[in-house]
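Subject: the two-chain model

Hi,

Here is the model I promised to pass on. Have a look first, and my notes follow below.

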Amino acid sequence: MQLPRQTGWMVVRQLRNLMRQPIWVVMMVVQPMLWLVLYGQLFSKVTPLRAGAGSYVEFLAPGIVCMNAFFGGTWSGMGMITDLDRKVVDRFLAAPASRLAIVLSQVVRAGITAMIQSLLLLLVGLALGVRVHGGAVGWLVVFGASFLLAAAFAGFSNGLALLFRRPESMIATANMVGLPLMFLSSILVTAALMPGWIREISRFNPVNWGVHAARNAVVVGGEWGTTAEFLLLLLAATAATSLFATWCFRSYQRSI
Amino acid sequence: MDAIVAEDLRKRYKQVQALDGLSFAVREGEVFGLLGPNGAGKSTTVRVLTTLTQPDAGSALVAGEDVVRHPNRVRRAIGYVAQDSGVDPEATGRENLMLQGRIHGMSGPPLRARVDELLQLVGLADAAERVTRGYSGGMKRRLDIAIGLVHRPRILFLDEPTTGLDPEARAGMWVEVERLAAQESLTIVLTTHYLEEADRLAQRVAIVSRGRIVVEGEPEELKRGLQGESVSVELQDVDGRLADAERVVAEISDNVHVEGNLVRARVPNGAQAIPVILGALDDAGIDVAAVTTARPSLDDVYLHYTGRDFAREDEEGR
């Protein structure tokens, strides 16, 4: 099978390039870290917000992990645009490269980046008093949720990159769709405090699937059945957006 | 068998009819030049033939396979070197080559051997482990060519291989292409807007203008088709003898004019005409300082077939 093989080698390329500039993985996580520290302090006295967590920081940490993964995914199309500009994509397309493999390599890169960053964020959280109540499984669930959340939105972002081929248009569109999803989720406040209509909408929000899974792992330390369901939903979303991006190659190839 | 047969290709981008019924054929094993000014449709032609994009109408067979119906079969038979380098600047020369080989399904020792061989061939063995961001323009171009060759294609497309290179690197690239054509027994299709490049490298050229092929043939044949060369005779001293010289030369050529102390004549064949002209001038006692013959260039060919000036058209197409 060509697809897994090509995807594998293209992922190797992505990770090698990532490792040559490891500073970016850290730079991108500085801001979410600040939010974790500042918000964690700001709302530390507002008990209802934390919804049973030991502290607001503990409630917030899985949310910030997911927010970071989601933003990372949303921006992932920049990598595709860079490759388009450098004609690396054209070179692959004139060779028998699978379009899905080209997309998946960006998607996996976004996922792995988000996973590394979620580790960094959780370590900062630990220093602030966060406890991962799900133990080893809990850590794995957080990594899985951040990987899949980034991957799902990376597919979407890469599709936009192929449609627009310009960073400004891609980011503007990604933010237009992305930012509302962040506020229609329980990243900052528990679902119980949301107005009813937002709560209803949030059930269909992929960001929220990730937040629920990660929060089950960190705060609840259980409910693995629903957690698995959320992760599967995210996996399905990743498949759908990756296929969408692959389909967007048609638009790109018509334009050249 | 023809390596490439393009028939009546048409493609329109929003405002521009890039290809307007373009047809040509490339024979197996030859270096074929698509020559034309900027914006003539050369790169679009190459993108259609390399399956990067599809024509609105018309058909093309590359290595015997239809570019629309069996793009992957075409892709296995061709190497493509884009106008802008397709090199990944974050990766080393070797990594770029290895990945391209793997996309073509190569692996293990045969791939490693082929990559080593190509790095030698294009003179990048010493730079192979360096990240290509630091390569010069000429080095990147040579790596591009190696990338296009990694799977031993039958046909290599070089889209503007020397655009953006300094004269020295361009001369180097010409030598490279000539060597490849000889060594790898390739069919090479190169596009260029440099007349002298097509003249030097291509066995046959097709002149492209506004999405069509204007004329196709061997450079020599095209130039010969214009009939004649110009011979310039520079006289030793100007005073008094210029009119005599003009009269003498006018008996040999019916197209003579005088400029300064130069007598220019249009003749069917310069090599044959020069001794005759010199002999006649000598008989008339006129001393000659120098004699040169200029053959019609592809510039003249372009002007002849399109009625437009190549350089001006090239500038406007930018």
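Into which domains is chain B divided? There are two: domain 1 covers 2-223 and domain 2 covers 227-294, with bounds that come from an automatic or database domain assignment. Taken over C-alpha atoms, the centres of domain 1 of chain B and domain 2 of chain B are separated by 45 Å.

Some housekeeping before the details. This is a predicted model, in which local features need pLDDT of at least 70, side-chain atom pairs count only at pLDDT 80 or more, and totals for chains, interfaces and linings use all residues. Residues are numbered from 1 along each chain as its sequence is written, while chains are lettered from A and ligands numbered from 1 in the order in which they are written.

On confidence, the model scores ipTM 0.89 and pTM 0.85. Chain B has a mean pLDDT of 88, and 98% of its residues reach 70 or more; pLDDT is the predictor's confidence in each residue, from 0 to 100.

Chain B overall

Along the principal axes, the C-alpha atoms of chain B fill a box of roughly 80 × 45 × 35 Å. Its secondary structure comes to twelve helices and 14 strands, where helices (H or I, at least four residues) and strands (E, at least two) are DSSP runs, numbered from the N terminus. Of the 318 residues of chain B, 44% count as buried. For burial, the count is of other C-beta atoms within 10 Å of a residue's own, placed from the backbone: 20 or more is buried, 12 or fewer is exposed, and in between is partly exposed. Among contacts between residues at least 6 apart in sequence, 69% join residues at least 24 apart; a contact here has C-beta atoms, placed from the backbone, within 7 Å.

The β2-β1-β4-β5 sheet

Four strands of chain B make an open sheet in the order β2-β1-β4-β5, with antiparallel pairing. Two strands pair if DSSP finds at least two bridges between them. The edges are β2 (17-27) and β5 (65-66) of chain B, and each has a single partner strand, so one side of each is left without a neighbour in the sheet. Helix α1 (residues 42-49) of chain B packs on this sheet, touching β1, β2 and β4 (57-62), and its direction makes about 115 degrees with that of β1(B). Such angles run from 0 to 180 degrees between N-to-C directions, with axes as lines fitted to C-alpha atoms, for helices over the stretch in contact.

Strand β1 (residues 2-12) of chain B pairs with β2(B) in the antiparallel sense over eight bridges, and the two form a hairpin with four residues between them. B:Arg12 has B:Gln17 in β2(B) as its bridge partner, and B:Arg10 stands opposite B:Asp20 in β2(B).

Beyond its neighbours within four places in sequence, B:Ala60 is in contact with residues including B:Val5, B:Leu9, B:Val48 and B:Val67.

The β12-β13-β11-β14 sheet

Another open sheet of four strands in chain B runs β12-β13-β11-β14, again with antiparallel pairing. Its edge strands, β12 (256-259) and β14 (288-294) of chain B, each pair on one side only. The twist averages 20 degrees from one strand to the next. β12(B) and strand β13 (residues 262-267) of chain B pair over four bridges, with B:Val258 opposite B:Val263 in β13(B).

Two helices of chain B pack on this sheet. Helix α9 (residues 241-250) touches β11 (229-235), β12 and β13, at about 160 degrees to the direction of β12(B). Helix α10 (residues 270-283) touches β11, β13 and β14, at about 30 degrees to the direction of β11(B).

Where the chains meet

The contact takes 21 residues from chain A and 24 residues from chain B. On the chain A side, α1 (2-20), α5 (88-93) and α11 (224-255) each supply at least two residues, and the largest share, seven residues, comes from α1(A). One residue in helix α1 of chain A is A:Gln2, and its contacts, leaving aside neighbours within four places in sequence, are A:Ser98 and B:Gly105.

Cheers
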